[in-house]
Amino acid sequence: MDRPIYVHGYSEKEAERLGDQARTLLGLLHSDTQYPAMSWVLEAGCGTGAQTMILARNNPGARITSVDISPESLRRAESRIRREGIKNVTFCVGDLFALPFPPRIFDHVFLCFVLEHLPDPDKALAALRPLIRPGGSITVIEGDHGSAYFHPESSFAHSAIRCLIDLQKKAGGNALIGRELYPLLERAGYVNVQVSPRMVYADASRPELVDGFIRQTFTAMIEGVREEAVSGGLISREEWERGISDLYRTCEPDGVFCYTFFKATGTV
Ligand SMILES: C[S@@+](CC[C@H](N)C(=O)[O-])C[C@H]1O[C@@H](n2cnc3c(N)ncnc32)[C@H](O)[C@@H]1O
């Protein structure tokens with residue numbers, strides 16, 4: 001049976017949300033993830049394959065191995081990739097802390113939105129390092145919910161966001177991990193560590209981001225913990241509904257929304 005590893009869950013709706021997120025943020029997060037032809041790439045924590053599609057399409061000559069601890073997510077990822085006729089990805093169920101690969105087998109490792117759900121991200125990065133050949137690289141992409149700010153300002157919206165941060169912490173994760181990528185990679189022994197903050201800025205002149213990011217990605221993610229937040233006593237139902245409605249309010253013609261992702265690279 002699949003373990004409930006992360007706060008957003010494994011529902012069909014969450015799979016769709018991750019897909020929307022990946023498509024909306026394609027250029028911002030992925031345009032510079034380039035792997036040479038014939039290189040071996042490990043994608044750790046591929047989930048239902050939202051990033052796998054992009055990695056595989058952007059790097060058609062690379063040989064990608066995508067792993068996840070959830071067999072059900074992996075099945076969805078595999079059928080999605082096969083449906084698209086993509087041929088350069090193989091899938092493997094596995095725990096990224098104990099993967100069944102020999103040392104130094106991969107040229108590159110890629111992780112996106114995985115560390116934020118782990119109680120021990122240090123150990124995860126340290127466990128992946130021996131799999132990378134000398135001179136090879138790791139790329140890590142994470143968000144940071146503390147980076148969300150918007151107009152009109154709303155303390156209710158911030159309280160709703162805070163509920164997800166607190167619930168994720170209770171589940172052993174860290175929704176504020178983006179700002180920690182530099183020290184995490186350094187501590188895990190990677191060198192040449194570079195962090196590139198990627199801000200999503202959405203206003204009415206960018207309707208695709210208003211819909212794809214504010215509505216379908218960020219607010220949908222916060223809304224996903226409604227029942228847990230309210231029944232767990234983190235917030236009253238009235239305050240919660242006001243917070244969500246104020247997040248949607250930022251989609252109006254005079255609204256503005258900012259959020260920062262962090263993309264880190266390091267070498268071995
Ligand atoms: C938020 S999802 C991100 C999925 C994908 N990277 C994306 O961006 O769409 C986090 C994924 O990490 C996986 N995961 C969590 N712990 C793991 C572990 N120890 N080993 C492998 N995968 C793990 C979960 O099963 C889940 O699919």
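**Cysteines**

I started with cysteine 112, which is buried at a relative accessible area of 7%; I use buried for under 20% relative accessible area, exposed for over 50% and partly exposed for in between, with a 1.4 Å probe and protein chains only. This is a predicted model, where local features need pLDDT of at least 70 and side-chain atom pairs count only at pLDDT 80 or more, while totals for chains, interfaces and linings use all residues. I number residues from 1 along each chain as its sequence is written, and side-chain values use heavy atoms, with hydrogens and water left out.

Which cysteine sulfur is closest to that of cysteine 112? I found it in cysteine 46, 12 Å away, which is too far for a bond. I then counted disulfides (two cysteine sulfur atoms within 2.5 Å) and got 0 for the structure. Cysteine 92 is in no disulfide either, since its nearest cysteine sulfur, again that of cysteine 46, sits 9.6 Å away.

**Salt bridges**

Next I turned to charged pairs. Side chains of opposite charge can pair when their charged atoms come close. My criterion for a salt bridge is a side-chain nitrogen of Lys or Arg within 4 Å of a carboxyl oxygen of Asp or Glu. The structure holds 16 of these salt bridges.

Glutamate 72 bridges to arginine 76, with 3.6 Å between the closest N and O atoms. Glutamate 72 is partly exposed at 31%, and arginine 76 is partly exposed at 22%.

Helix α4 also holds glutamate 78 and arginine 82, again 4 residues apart and about one turn of the helix. Their side chains meet in a salt bridge at 3.5 Å, N to O. I noted both as partly exposed: glutamate 78 has 32% relative accessibility and arginine 82 has 39%.

Then I checked aspartate 144, whose salt bridge with arginine 179 has its closest N and O atoms 2.7 Å apart. Aspartate 144 is in the loop between β5 (132-142) and β6 (149-151), and arginine 179 is in the loop between α6 (155-170) and α7 (181-187), so this pair ties together parts 35 residues apart in sequence. Aspartate 144 is buried at 2%, whereas arginine 179 is partly exposed at 49%. I also wrote down a network in which salt bridges with shared partners join Asp32, Arg198 and Lys263.

**Histidine 30**

Is histidine 30 buried or exposed? It is buried, with a relative accessible area of 1%, and it lies in helix α2 (residues 26-30). Its side chain makes a polar contact with the side chain of glutamine 51 at 2.7 Å; a polar contact is a pair of N or O atoms within 3.5 Å, where within protein one must be able to donate a hydrogen and the other to accept it, and residues adjacent in sequence count only if both atoms are side-chain atoms. Leaving aside neighbours within four places in sequence, I listed contacts (heavy atoms within 4.5 Å) of histidine 30, including Ile54, Asn58, Phe110 and Lys263.

**Aromatics and core**

For aromatic pairs, I took rings of Phe, Tyr and Trp (its six-membered ring) with centres within 6.5 Å, planes under 30 degrees apart being stacked, over 60 edge-to-face and the rest tilted. The structure holds 10 such aromatic pairs. Phenylalanine 101 and phenylalanine 106 have ring centres 5.2 Å apart and planes at 90 degrees, so I logged that pair as edge-to-face. Phenylalanine 106 is buried at 3%.

Phenylalanine 113 and phenylalanine 261 make a tilted pair, 5.7 Å centre to centre with 50 degrees between the planes. Both are buried. One aromatic cluster includes Phe113, Phe213, Tyr259 and Phe261.

Last came the nonpolar core, a set of buried Ala, Val, Leu, Ile, Met, Phe, Trp, Tyr and Cys residues joined through side-chain atoms within 4.5 Å. The largest core has 51 residues, and Phe213, Phe218, Ile222, Trp240, Leu247 and Phe257 touch the most other members. Apart from it I found another core, of 28 residues, among them Ala124 and Ile177.

Methods:
Helices (H or I, at least four residues) and strands (E, at least two) are DSSP runs, numbered from the N terminus.
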